[in-house]
Amino acid sequence: MLTLLAVSCGKMSHEGQKIVRRGDSLYIGGMAGGKRQGWGQLSVGGKLIYAGEWKKGLRDGRGTTTDSLGRRIVGRWKDGKLVTGERTDSDGVYTGELNTNGEAQGYGSYADADGSFYDGYWSQDERDGLGFSLVPGKMLRMGEWKHDRYLGERLEYTSHRIYGIDISRFQHDVGKKHYGIDWSSLRITSLGSISKKKVRGKVDYPVSFIYVKATEGISLRNRYFAADYAQAKAHGIHRGAYHFFSTRSDAAQQAWFFLKHCAYKKGDLPPVLDLEPLPSQIERMGGTGRLFAGVRTWMRIVERQLGVKPVLYINQIFVNRYLPSAPDIKENYRIWIARYGEYKPGIHLLYWQLSPDGRVRGIHPTVDINVFNGYSNQFNKFLSEAGVQ
């Protein structure tokens, strides 16, 4: 309860401030022309509502209040409306723009007592818009948020990014028709139409890297691998080979089969294990434990023989459904993900396959289009550190 509550309305306090009481509201502070002016504090029912600066009867300037949830706000008001401030609750501190209800609205940051931090845009106390989040023990999340849920980074596609393709016999054979590849004409002319993409300028990008399917299981070979692999090198395209994993074959035998036919040379991109099992195939082989044991075996053998850590190719469904049960694989290997959506996934991303329906001048059928997670400096560093030595 305020100590000056019993002073009659309109009288001046010992500090020269007016005391105005109307019903259960009490104002103590400066007045001018019958309106609150300068510094003053307002209470209702004995509870302090606001203490700070006033102008022409409205809160205007720096002040302190408490919102309906009991959170203390030290902020700045303009024409009676709360604009920005620092709001403290039991979990942490928010600093930034606020709406009249004291909710985070616009740009601001929140530092949690557990060490978590978010900096970006808000709407009615929910992360909403562009921002980044730091959580102890987890990867940095930078991108777009909606209703407090992280959607991912939305890329803008320009000629400055590093694009590549992956091919197999399906870029040569369509039904009964056979098509060659015009290697001297290769240019990416479409990023595909399955998902929304923010593209700046005309899509006319060079093919900076290419992966060619070499083997599958312990007996299937891509009949076009040798020629395509040689042509990629001859035309100055960074090249790599991939193996399609079979749930019906021994993983060690698959690794040696790949090594026998992959034709790896110094300077080639790290090899890739293409992992696309159906749930029924995983069940038939004995479950995810058996599957990941096979993956580890393949990766270890290939890494030991080639001297570079392989890359794991998986899709977003696999990431969501199965990868959490193999945290060592998620942590230790770079991921090439097939995700035909708008937002970049939150994993140790190396390549992102944007679409399966892209177009490349010089190749007749549709082509998988991929983007490297970084720009030229990072790509050059990756080539020097992760390629076959």
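Is Asp 148 buried, partly exposed or exposed? Asp 148 is partly exposed, because its relative accessibility is 33%, where buried means under 20% relative accessible area, exposed over 50%, and partly exposed in between, with a 1.4 Å probe and protein chains only.

A word on the source. This is a predicted model, in which local features need pLDDT of at least 70 and side-chain atom pairs count only at pLDDT 80 or more, while totals for chains, interfaces and linings use all residues. Residues are numbered from 1 along each chain as its sequence is written, and side-chain values use heavy atoms, with hydrogens and water left out.

Back to Asp 148, which sits in the loop between strand E12 (141-146) and strand E13 (149-154). Helices (H or I, at least four residues) and strands (E, at least two) are DSSP runs, numbered from the N terminus. Asp 148 has a positive phi, near 70 degrees, and is not a glycine. Most residues other than glycine have a negative phi.

Ala 263 also has a positive phi, near 60 degrees. Ala 263 belongs to the loop between helix H2 (251-261) and strand E23 (272-274). Ala 263 is partly exposed, because its relative accessible area is 39%.

Now to Ser 355. Where does Ser 355 lie? Ser 355 is in strand E27 (residues 349-361). Ser 355 counts as buried because its relative accessible area is 0%. Its side chain reaches the backbone oxygen of Leu 191 at 2.7 Å.

Tyr 107 lies in strand E9 (residues 104-112) and is partly exposed at 36%. Lys 78 lies in strand E6 (residues 72-78) and is partly exposed at 47%.

Definitions and conventions: A polar contact is a pair of N or O atoms within 3.5 Å; within protein, one must be able to donate a hydrogen and the other to accept it, and residues adjacent in sequence count only if both atoms are side-chain atoms.
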